Amino acid sequence: MGAIRLENVKKTFGTIDVIPGVDLDINDGEFVVFVGPSGCGKSTLLRLIAGLEDVTDGKILIDGIDVANEPPAKRGLSMVFQSYALYPHMTVYNNIAFGLKMAGESKAVIKEKVQNAAKILNLTDYLERRPGALSGGQRQRVAIGRAIVRNPAAFLFDEPLSNLDAALRVNMRLEITGLHQDLKTTMIYVTHDQVEAMTMADKIVVLQAGRVEQVGKPMDLYSNPANKFVAGFIGSPKMNFLGGDYAKKHNCYEIGIRPEHFTISTESGDIAATVKIAEHLGAETYLHINADGVGPMTVRATGEVPLSEHDKIWLTPEPDRIHRFDAQGTALAKQ
Amino acid sequence: MENKQTVLGHIGFSIFAWIVGLLIFFPIFWMVLTSFKTELEAVSMPPAFFDFDWTLENYAEVQARSDYFRFALNSVILSVGSTLVGLLFAVPCAWAMAFNPTKRTKDTLLWMLSTKMMPPVGVLVPIYLVFRDWGLLDTRFGLIMVLFLMNLPIMVWMLYTYFKEIPSDILEAARMDGATLLKEIIFVLLPMAVPGIASTMLLNIILAWNEAFWTLNLTTADAAPLTAFIASYSSPEGLFWAKLSAASTLAVAPILIIGWFSQKQLVRGLTFGAVK
Ligand SMILES: Nc1ncnc2c1ncn2[C@@H]1O[C@H](COP(=O)(O)OP(=O)(O)OP(=O)(O)O)[C@@H](O)[C@H]1O
Ligand SMILES: [Mg+2]
């Protein structure tokens, strides 16, 4: 079991209010992803849940029990660090076994559990090696192995894949998703990566300056962002924001249109623009354009588009994909 | 052009280093040489370098007159003892400073080091009186305490710089793995810091071995280490250079040998943190 509930959790470092107050419900077995700009307090929030930092105020309930004042060891959670944080002086076997030893398990139980984890993670051949003699991906798997043998109530991941190269990252992403499907244990995962957030999460928590901006399923956040911040943060390339006359036409302060929600024409449309840079990726094309009376925008077209620098184009937003915002940046109902 | 200059620079620098090295080494070399001379040759002018009658009589006489091994044993007990007691206090202290720093950690460290700037003679009388009243004079225990306290700031400082280099993630991982504080320090921190601890111990053993102020002032016979052994040859015997040299050679030999074998460790220890 691993249902986690944060009630008005606060954290200050000295005089800096890093987390001014967070309420959050995480259901048992859920895969929750924390996203947000650098320095917004994702790691701090995760470390508060882990018990590596003390809360300034508030409650952290794991399966209904407040653990806010318990040491990490008593919370029954496992953490995978960005730096892997393996014990460099121990073999892979001992790295994975360390938590079990601390828990006072018998040698036989430890051996069975470690070998089981090693099998799941393809580490069987490396058990006698030191972490220094492993590749980045293998080290990450050892770190995950160390986390799973303890059979925790929940896994905490702090940007676990950011030190890996792109190809390996895709592999490990799939492995972690697979692991979640097998274990069905609660996972809280901090990332910078849009793709990781969208593909892995059951629920995304968007943070800004220590506040929860929105919580929801990935596609809900994509289709119905609660405010301009979430709208701009979720989705890549970023949503385009247009004010002035374009917004007035829709009775609001500002409208937002995602780069993929335009119809492009070389003859007519709502917005006239000039192509600045066309990035042809084959499967899709990114057009960085300068729209008349608006400024720079990004448009994404599927497939190959025969456009290049200085071409004149017209854009028409898909009407039901227009996001409307008021002056405070709060999203208004779609028209 | 630039290459030639750097080569010349290297040569110049090497020569300079050799001169400094020889200057530092020469007194020790001269002491060892003198210990093999007769008393007459030891004071002869001009001094003889190698063309004298090599003799071991000084060593025989020194051992006959005073029991070298008793002093040596005391030196070992005092230096190793004070270092081990020091570690017991310095490790937790450095752990706290390196991994749970506060605003004042840096100041505390500097303050600890600043106590080393006070001339020890300034506290000789109070410490002597405390020793006398508590019956610690000329006891190994008393000396170990004094030496350990004298070297504690350096031990904490050295261990602190070592611990600073250990990523705190790893200790946090141990905490997540359910390790208690003591287990975290014993099973994770200390094994990772072995080189640092080894060089800290080594330096402290050497410092304690060579410490002459407190050992001379607070001991007479029972707890007297090799420093007292050397001192006993300097004053009452007048100008017996050869015997004094033999005694000194015997006193520094063990630590010189240990130092020689572990110089790599030592250099690494002393420059740790300076070059990442
Ligand atoms: N020990 C600390 N003392 C003081 N301030 C801290 C401490 N730890 C974190 N902070 C501050 O808290 C804020 C949030 O930091 P945190 O590491 O949680 O951000 P993050 O969202 O994980 O960022 P990133 O994506 O770059 O990892 C930052 O402004 C940081 O400077
Ligand atoms: Mg972070």
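Modeller: This is a predicted model. Start with the area buried between chain A and chain B, which is about 1600 Å². Carbon and sulfur atoms give 66% of that area.

Biologist: Which residues of chain A lose the most area to chain B?

Modeller: They are Tyr87(A), His89(A) and Met102(A), and together they account for 31% of what the chain A side buries.

Biologist: How many residues does each chain bring to the contact?

Modeller: Chain A brings 21 residues and chain B brings 15 residues.

Biologist: Now the charged pairs. What should I look for in a salt bridge?

Modeller: Look for a side-chain nitrogen of Lys or Arg within 4 Å of a carboxyl oxygen of Asp or Glu. Over all chains, the count here is 15 salt bridges.

Biologist: How many salt bridges are there between chain A and chain B?

Modeller: There are two. A salt bridge joins the side chains of Glu172(B) and Arg47(A), with an N to O distance of 2.8 Å. Arg47(A) also meets Glu53(A) in a salt bridge, at 3.1 Å from N to O.

Biologist: Are Arg47(A) and Glu53(A) buried or exposed?

Modeller: Buried means under 20% relative accessible area. Arg47(A) has 16%, so Arg47(A) is buried. Glu53(A) has 19%, and therefore Glu53(A) is buried too.

Biologist: What do the side chains of Arg5(A) and Glu7(A) form?

Modeller: They form a salt bridge, 2.8 Å from N to O. Arg5(A) and Glu7(A) are also linked with Asp25(A) in a network of salt bridges. Arg5(A) counts as partly exposed because its relative accessibility is 36%. Glu7(A) has a relative accessible area of 25%, so Glu7(A) is partly exposed.

Biologist: What is the N to O distance between Arg321(A) and Glu318(A)?

Modeller: It is 3.9 Å, and their side chains meet in a salt bridge. Arg321(A) is partly exposed at 31% relative accessible area, and Glu318(A) is partly exposed at 27%.

Terms used:
Residues are numbered from 1 along each chain as its sequence is written. Chains are lettered from A and ligands numbered from 1 in the order in which they are written. This is a predicted model: local features need pLDDT of at least 70, side-chain atom pairs count only at pLDDT 80 or more; totals for chains, interfaces and linings use all residues. Side-chain values use heavy atoms; hydrogens and water are left out. Buried means under 20% relative accessible area, exposed over 50%, partly exposed in between (1.4 Å probe, protein chains only). Contact means heavy atoms within 4.5 Å. Buried area is the accessible area (1.4 Å probe) that two parts lose on being put together, summed over both.
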